[in-house]
Structures are given as structure tokens and as C-alpha cells.
Amino acid sequence: MTEAKKSEVLQGTLDLMILKTLHALGSQHGFGIARRIEQVSRDVLQLNEGTVYTSLLRLLQQKWIAAEWGTSENNRKAKFYSITARGEKQLAVETENWERISGVVGRVLELEGER
Amino acid sequence: MGNRRGWGLRAFAARVLGLLGYRKSESDFDEEVHEHLQLLVDRFVAQGMSREDAGAAARRQFGNTTLLQEDRRELRTLVSVEDLGRDLRYALRSLRRSPAFTAVAIATLGLGIGASTAIFSVVDNVLLEPFPWKDAGHMVVLQIHDTARGQEDGRQGYTSNEFLEFAEQNHVFDDVIGASEDLVLYKHGEGVEAFDGAHITPGTFEFFGMPALYGRVLQPADYRGDAPPVFVLRYKTWMQRFNGDPRVLNNTFILSGTARTLVGIMPPRFGWFDAEVYIPEAPLHGVATGFAGTTAQWFLLGKLKPGVSKAQAAADATVIANHLAKLNPQDYPAHFQVLVKHLGDSVVGRIEPTLYTILAAVGLLLLIGCGNVANLLLARATSRQKEFALRAVMGAGRARLVRLLLIESLVLAISGAALGVSMAWGGLKSIVAALPPDVIPAESVIELNPQVMAFTFVVSVLTAVIFGLAPALQATRRDLNDPLRDSGKGVIGGFRIGRMRDAVVVMEVAVSLTLLVGAGLVMRSFVALRELHLGLQADHVLQALLPLPENRYKTAAQVSRFFQPLVARLKALPGVVDATESSALPPYGGEDSRIEISGRSHQDEWHALFQGISEGYFRVLRIPFKSGRAFSDAEVTDARKLAVVNETFVSTYLHAENPVGQRVKLIQLETLADPARDPWFEIVGVVGDVTNQYSFGSAQGLQAPIAPAVWVPYTVARSEVQVLMVRSQQTPMALMNDVRQAVWATDSSVALAFPGALEDRINERLYAGPRFAFLLMAIFGCLGLTLVTIGVYSVLAYATARKTHEIGIRMALGAERADVLRSVIRAGLRLVTVGVGIGLIVSLLLGRAIEAELSRSVKPYDPATLAGTTLLLVVTGALACWIPARRAARVDPMVALRYE
């Protein structure tokens, strides 16, 4: 897969990925989250790192994550995000949802293929 | 994870809060972004890039910061205009695709909203905010209530002395004004016209805070003895009699013999005391007489000091009234209580329950309409489940779907509201025309105003939210996969319709039965009222007030010198059957007097209504004699002290003894300006009872028990007013001109005031209130019935349409058409029956609430009404079931099965 063929991040899935990242790694700043997604996706996904912040704001508004100011590794001021109990619950629900939907979509695509 | 840009409650709260901390968070964000870019640059540099290249690469990897800012702004603002526009366009498109649904929903909502807007306008303008004055809520009137009498009502006219005593001795009013009625005779080139005039005390206009529209209001200087006589005109009269010509200002008019200058014209909403002309006059101590030599009656209006309650005011006024009662015991009942009433209550008190009953009916109508729309939305949502599931799979969150549906119902509600407002605008005119006279304050203008519009807006938005949200939530709650699998025409078993739709239909039927029962009761009671016999025949009778100039008609003898030739002249006119003088117009029974009957002693006070009449009275009104005879012409001319009484008088005071020859004393006649000495009257005849305790606007007028009544020759004592009644062969108004000529031929300075047909007047006074309720309840009852029919029909039609496939299978397996027909009708009637049961219970519980509105012969549990309305509803319901059932029975199994 060449650089040009990277997939766009499906709308809405970024929220789920960030929740999962915070769930796995604990408190992180935006830069850290972007690195983690980059690392996990192994360059499959084309991520505009800025959109991470939009997603973070959305999650904050739902109170699924919390934020506080702290100091980064190289001693600079940074905002740290962590998942809340509510966020954990949501993560479980959405994970299940996602699996189901992707199942459906998968089946639909298989059907298409049979024709 | 779906699109979380929807309307989650928490996100909503965050957005609201976000609005507050906007700046701070933006600068935080800039810092964060800057930091992130810095870290990326560091990383690229570490990987060996030049600082410049690293900066560009970092920006590329981070993406467009401006777009980001926009995204964030959208998240932080309450509604994204763009999204809303998209949803709106979508909603409009999808509504346009199903025009039948849209039309029925909008019409249904329009009816409900229109009716409730119209009635709320009346309630708001008549009951809630009738007066354009600032402190209207603090303005109260005082009434002397005889505790021996039932109704919470009492005398509210006071002598000058009483008025001044209340005005000066109280501790509870900031200000007190008074007004006293005066019929003003306006003499001009062609003849004499009568105006409703009011004498008003100094400070009246300041009290209301009302400046004049043109010219000026009355000023303290106008009350001085040497001040030139002036007056102020009411807007309505100015428009009607002077065509709104501003040149009449500062002209001089001859009013009741005095040349007065018109100094001001009031604005349209000034109608204090319902007078046409306002004349300055202050009550003076010791001056007790007013119009026609009778006791001046000052109506008192006080403005409560801030913080003073009505109870405190009543207590304070009671002290003064007790003192006055000691000075003038004859003017006060033995046991009385001072009532303090709000100005509005003193005028609208009697129509209030009627209006609230109608408002309640309209509320029910709106509820039925909402039920219909909710059901339509539910049905529609169910058939769209596949569409929703598909959208959800494509990434639309539940919140987004709910918002879409809500916008659809909002569009419906707002269109309904627009339709409703236009219907209300038209309907309001008819309602105002149907309103009984004299029951709404002169100042109130019934129109759609901002409050009413706000009410409509709130009602329609609430309708949309409540009745759109439930279907929306239900429709989107379902699992994503189910609907995709379900063909929507599968066999689910029986004719079970969605439980929620069932519940709505049951609710609708119950509410509409309640509405129908209420309407039925009000209608029956109106019919019962029409069947009551008044005791007289009012048809073909012309009536008019004849205000006699005071200076030349001071005594009863002078009055009779005018009427004797006039009545003789009238009787000679072609087309006139008979004519008479009287001192009261039916359905009023005349003045109240304490009475004595010779040879009878009693503890309690005895009262009777009395009026002065001439010889033709009982013939003109066709009141039958039960025993004895009427007065002869000669007896009237000689002012013989004779009396005719009604049957109630005999049964109340004479215990059915032979009344003829007994003697009755009318104590009131001793207190007149021109008192009758020794007012003992010999009873010569007894007539049938005639309705005589009229009270404004309510059914009470005819229901009130008939009071004992006495008629005496008008020549015995000069009464306050003189009335002329003429029985004619043709329509009474055709005689108008001849009668007027006869009056002027007798005395050219006498005006024929307020002429009209007695029948119209009685209809207006006695039936207008109940007829108003009758009309509106009948209309709303019919609308309710129509709406509920549509409701039952649409639910069943929808259910059967969805089950076409199943019906086909059943019929292929051997089901008869009759079976199908029966099973559909049974499913529908089951709902109707449950609804009717609930409705009956509710009606019985609510029946008590409108008991006061009903005529006494109609009970709130009136079996005929209950049975009739139930039957009507069940038959209509069955009809609504029958049409879809027939359609179902016509299903061709082959077509239905192929129809996949």
C-alpha cells in the first residue's frame, strides 16, 4: 500500500479510537494520542492530527473524558486527557455496536460479491 | 461510533457553558495546537529534516487549522445552521412526498391550535388582561352583600354621604374615585338623542393614568362652581355619532339643558363605567338626590395600597359600613358583609365559568388533534424503520435521527400553527359577534395579541416536541438489524397494532367522549332553557326608554300628564294593538322593596319587586290573570292605591289564602324624593309568574327562583325610569317612526331612547350567554368527533394496509371475507369500547365541574346525554372501522401474495 492510498479515517470512528487509546494507555496529551494511533494503524490510516482535537472536544462535552493541565516529558505545559467511568461504559457499548455494524456491513458486502 | 454532533443533553449543556468560556478555551486551544506542532517539528528535525522542511511537514501532518477552528466553533455553538438547514430541507422533501399525511396532520393541528388560540384570545382579553391600565390588579369595588341572599353579590351604588365616608375614612386605598350614571339628553336641530352619561369625580383620569386622544381630560379646575361646563367624549361614540370628526372638539353641545363644551376625546380603550360622555361632578355631603329626584348612586372604585390584601380592605370597609348602617339602617340589610371584588370580576364574573368551560373543551380538542398527529407520526415512523436503520448503518447517530424527526414534527406544528392562527383570526370575529352583551369589560378588545401569539407558539412547539418525540424515540430505539431483515409485511399474528398507537386511540376516544358529553350537557341545558316559559309573550312588542326632562317632570302627576295623552295617541295608531307605560322592562322585575302585609307579623324581612304600570300592561305582555282583575283606566288616572301580585307572592306571604282584598305596604315608596304617603295598597288581582330575577350573562337568569312581585299604578309615585311598550300587528320595528312622532307630538323635548323589539332584547339578555356556550360547545363537539373519526380510521387503515400480505395468506388458507371483515372491525371496536369506558368515568368525574353551567333540569349524569353521546361515538367509531375493514375484505389473495 503506497502513501497515496492511505484511507481517510471514517467519520465517527476516531472518537472510538481515542477512547480506546485512553483506555489502554491512561492519561495522554493530544500529541501522544496521535502518535499512538499512528503507531497502531501502521500507516494504513491517513490522519490529520488536528482532527484529534475536535474529537477530544466532542468527548469532553459528553463527559466521557476529562482534561487537566500538566507538564509533558520535555517539561512543557500540556493538556492531559483521561477516560472517565462514563467513558469506559460508553466504550463498551460502542465497541459492541461497532462490531455488530461492521458485521452487517461485511455481510452486505459479501452479498454484493455473490452476484 | 456514530455522529456525536447530535443533541445529547450533556453536549447541549457543554455548549451552553461553552458559550460562556469561549475566549478562554480558544486561547488554551491555540496554545495546545502550537505545542503539538512544536513537538512534531522536533520529531522531524530529530529524523534529520531541516527546520524549515520540518515546519512545513508538521503543518501538513496536522492539517488545516482554520477548518479545525470551524469544526470547534460548530461544536461549541448550540445549533449548526448548516445542519439545521439540511435537516429542514430533508424534512420538507419527505413531507412533500406524502401529501395526504401532511395535509391531514396540518389540518388536524390547525383545527386544534386555531380553536384554542381563538378561545385563549377571548380568555386573555376578557379575563386575564381586560384593562389597559397599569394597576388594574389593584382596582377594587365594594359591594354590600346581604348574607341572607345566596349569590355572592350586592349593592354597589352609594349615596354621596356614603361615598365620601368610604373615600375619606378608609386606611387601605391609595386613591378612590366614583362614577354615577346619568342619562344625558342631547338636543340638536332635529330632535333629542340620549347618551349614556357618567358623572365622574375629580382625579378619575389620573387614577387610570389615561391621557386624552384629542384635547384634554377633566382637570380639578373643571369642578369649581364657577367653572364653565365641559365634558369629555368616548372614542366609540365619537366615531359612531360624529364620524370621528375632530372639528367637534371645543364645540358646545346642549346636554340635558346645559350648554357644555367638548374639551376632550378619549382613546379607543377608555370605556370607564361604559359611559359615552363624561361630566365632571363631585359628590357633596348632604346632597342626596340625583337623576329624577332619586337617590344618587355613586359607584366606587378604589386602588389598593401596595401590600394590602382584599381581606384587609374588606375588614377596613366593614368598619365604615357598620357606622353607616347605624346612621341609615333602612339602606342596609339586617346582616351584611362587605365584598371587595376586583374591577374585572365585577364585570366578567358571570361569564367566567362559561369561558373556562369552553377553554377546557378546546384543550380537549387540541389533545385529540395532537393524538391524531402522534398516531400519524407513529404510523409513519414505523413504515420508515428501514430507512432509519439504513441511515444508522451509514453512520447517523440516534440523536441525529431524533432531531430529524423532531424537525419534521416541528415543521408540521408550525404549519399547523400558521393555519390555526389564520383560522383563529377569522373565527374570533364570529366569536365576538356571538358573545353575550354586557359581560365583557368595555375596555377589553378581543384580538390576537403578542401574549396570544406566544401562547400559540408555546402550544405548537410543545405539541411538536411531546407528540413528535415519542414516535421518534420509539422508531429509533429498535435494533439496527431487525428492520433490515423484516420485510414489513410479514405475519406477526392477528391484528395487533402497535401498543402505543392503541393507547393513543383509546386516549382520543376517551377525551372525545368527555368533550361530547360536556357539549351534550350544555346543549341540552340550552334546549331546556328555551322550553322554559317566561310567563309573558314578548313577540310583537316594541319597547323604548322615555327619559323625561327632570325640570318639568318632578312628580307622578306631571309624568301621568305626559303618558295619558301619549298612550291614547298610540292606541289610535293603525297597526297598534295596545300600549302601556311601565317602570321596568322584562326580564327585570322592577325595584326591590321591603313590604308589610296588614294583619301579619313576622320576624324576618319581607321583600318584593315592584313596578308602576298603566292599565294596558298585562294585555300588552299577555300575562294571564289567575284571579281578580287588572286596574281600570279610571283607577290609574285617579292614582288609586291598588295592587296586582304574582302567584309567588301569594304562595310566599299569604299561604294561598284568598289574596284579593288584602293590603300590602311598599316601604320603599316612602323614601322617594317625591314620597308616596302611607303606601298601603289593596290587592285586586293575581297574575301568573313571570321571570323577574334577571342576572347578566348566566343561565341563572331563567333559573333563579321567581321573586314575589307587586304591580301598582304608575300614577302613585314617580319612578326612576319610564318605559313605553307597544304591541303591534306586524314587526314592531315598523312602528318606530309613528311611535316617535307620537312621542314628539306629546312633548317635543322627550327622546325615544334605546328603542328595540322586546323579544330581541330578552333573547339577548337571557339566552345570549347560554347560546354562546351552546354554539361553541356544539362546534367543538363536532370537530372532536370528526378528529377522533379520522384518528380511528387512519390507525385501522394503516394497520390493515400493512397486513395486506397476511390477509392474503389467511384468505388463501380458506378464511371468508366476513371473517376478515369481522376481525378488523373487532380490533377497532375493542379500542373504541375501552376508550368509551374510560371516557364515561372521566365524564362523570368532570361533570360536577360544569354543573353550575347547566340548567337545573339537566343533571351532570343526565342518562339521555350519556347514552346518546356514547351511541354516537360507537356508531362513528364503527363506521371508521368499517371502511378499512371492507378494503381488507376485498383483498385478492393472489395479488396480495404476489405483492412482495
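In chain B, 84% of the contacts between residues at least 6 apart in sequence join residues at least 24 apart, two residues being in contact if their C-beta atoms, placed from the backbone, lie within 7 Å. The model is predicted: local features need pLDDT of at least 70, side-chain atom pairs count only at pLDDT 80 or more, and totals for chains, interfaces and linings use all residues. Residues are numbered from 1 along each chain as its sequence is written, while chains are lettered from A and ligands numbered from 1 in the order in which they are written.

**Exercise 1. The two chains**

Describe the make-up of chain B and of chain A by helices, strands and burial.

Solution. Step one is to count elements, which are DSSP runs numbered from the N terminus: helices are H or I with at least four residues, strands E with at least two. Chain B has 28 helices and 22 strands; chain A has four helices and five strands. The order in chain A, starting at the N terminus, is β-α-β-α-β-α-β-β-α.

Step two is burial. A residue is buried if 20 or more other C-beta atoms lie within 10 Å of its own, exposed if 12 or fewer, and partly exposed in between, with C-beta atoms placed from the backbone. Of the 900 residues in chain B, 44% are buried; of the 115 residues of chain A, 30% are.

Step three is contact range in chain A. Among its contacts with a separation of 6 or more, 53% are between residues 24 or more positions apart.

**Exercise 2. Helix 17 of chain B and its partners**

Determine how helix 17 of chain B packs against helix 12 and against helix 26.

Solution. Two packed helices are described by the angle between their axes and the distance between the axes. Here axes are lines fitted to C-alpha atoms, for helices over the stretch in contact, and angles run from 0 to 180 degrees between N-to-C directions. Angles under 35 degrees count as roughly parallel, over 145 as roughly antiparallel, 65 to 115 as roughly perpendicular and the rest as oblique.

Take helix 12 (residues 352–383) of chain B: its axis and that of helix 17 (residues 499–531) of chain B come within 9 Å and cross at roughly 160 degrees. Helix 12 and helix 17 of chain B are therefore roughly antiparallel. Their crossing is left-handed; a crossing is left-handed if the near helix is turned anticlockwise from the far one by less than a right angle, and right-handed if clockwise. The residues that meet include B:Leu364, B:Ile368 and B:Asn372 in helix 12 and B:Arg501, B:Val504 and B:Glu508 in helix 17. By class, the contact residues of helix 12 and helix 17 are 15 nonpolar, six polar and two charged. Nonpolar covers Ala, Val, Leu, Ile, Met, Phe, Trp, Tyr, Cys and Pro, charged covers Asp, Glu, Lys and Arg, and the others, Gly among them, are polar.

Now take helix 26 (residues 817–847) of chain B: its axis and that of helix 17 are 7 Å apart, at an angle of about 40 degrees. That makes helix 17 of chain B oblique to helix 26 of chain B. The crossing of helix 17 and helix 26 is right-handed. Residues of this contact include B:Asp502, B:Val509 and B:Leu513 in helix 17, and B:Val832, B:Gly835 and B:Leu846 in helix 26. The contact of helix 17 with helix 26 divides into 14 nonpolar, four polar and two charged residues.
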